[in-house]
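Let's go through a structure together, one feature at a time. Have the model open as you read.

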Amino acid sequence: MKHITKILLLLLVGCVPLVLMAQTPPTWLHSQVREANYPSDVYFSEFTEGNLQSGESVSALLDRLKSDAKRGTAGNIRTLIESVVEKTDRQTSYDHDLRFTSIYQDFTRQTANADIANIHTDSYYDEQRRWGYAFACVKKSELVTYYRAQIGYQLQQVEDAIKLSSSLFESGQKAHARKVCEDALSPLSKTEFAQDLLTAIVPG
């Protein structure tokens with residue numbers, strides 16, 4: 001019985017690499033399947049493919065392709081925001097304080113270029129063709145749920161900062177009060193971005 005057990009274990013161990021090598025190609029490789037399973041009215045998505053570059057490993061190739069697909073998906077979302085949301089040049093002014101305006105605009109640019117939440121990625125490498133593929137997608141309803149929650153959270157931070165700043169100002173700590181206001185510009189810009197995104201995805 002012990003000999004049979006050893007033989008079975010050896011067979012199982014020997015089969016593991018074969019199972020790993022025989023990776024089943026994902027269905028999203030086919031454009032028709034992507035269009036059917038990830039329709040543009042429900043998902044944002046991006047498909048990328050490419051071969052190994054000089055000195056590049058398979059894992060590095062797949063990581064690169066996934067990053068490209070994720071970046072492409074985020075780019076599609078930002079393009080929609082820019083096309084749908086009326087972009088007046090928000091020269092936000094706090095008593096015509098140019099320093100506050102400049103800091104706020106910096107935060108707004110950083111927020112707009114930040115990663116979009118909840119983007120899912122997958123990849124596949126075709127050993128025979130020595131070619132890699134990646135697919136990224138995010139469901140619009142997931143974005144709506146996430147960024148609606150973000151608006152409430154960020155606005156609460158702004159409200160808390162205003163209360164603290166007012167208290168500090170009244171107690172004569174004007175420099176500290178100003179710093180608290182500056183720190184509140186980050187959540188304020190994130191709120192603006194989230195609101196723009198929701199306006200683009202859920203118009204009206």
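Q: Is Cys137 buried or exposed?

A: Some ground rules: this is a predicted model, where local features need pLDDT of at least 70, side-chain atom pairs count only at pLDDT 80 or more, and totals for chains, interfaces and linings use all residues. Residues are numbered from 1 along each chain as its sequence is written, and side-chain values use heavy atoms, with hydrogens and water left out. Buried means under 20% relative accessible area, exposed over 50%, and partly exposed in between (1.4 Å probe, protein chains only). Cys137 has 9%, so it's buried.

Q: Where does Cys181 fall, and how many disulfides are there?

A: Cys181 is partly exposed, with a relative accessibility of 32%. A disulfide is a pair of cysteine sulfur atoms within 2.5 Å, and that rule gives a count of zero.

Q: Which helix holds Gln154?

A: Helices are DSSP runs (H or I, at least four residues), as are strands (E, at least two), numbered from the N terminus. Gln154 sits in α5, residues 140–170.

Q: What does Gln154 touch beyond its neighbours within four places in sequence?

A: Contact means heavy atoms within 4.5 Å. Gln154 touches Pro187, Lys190 and Thr191, and at 5% relative accessibility Gln154 is buried.

Q: What covers the buried residues of α5?

A: The buried residues include Leu143, Tyr147, Ile151 and Gln154. Their cover includes β1 (43–51), α3 (58–84), β3 (131–139) and α6 (174–201).

Q: Which residue just after α5 has a positive phi?

A: That's Gly172, at about 90°.
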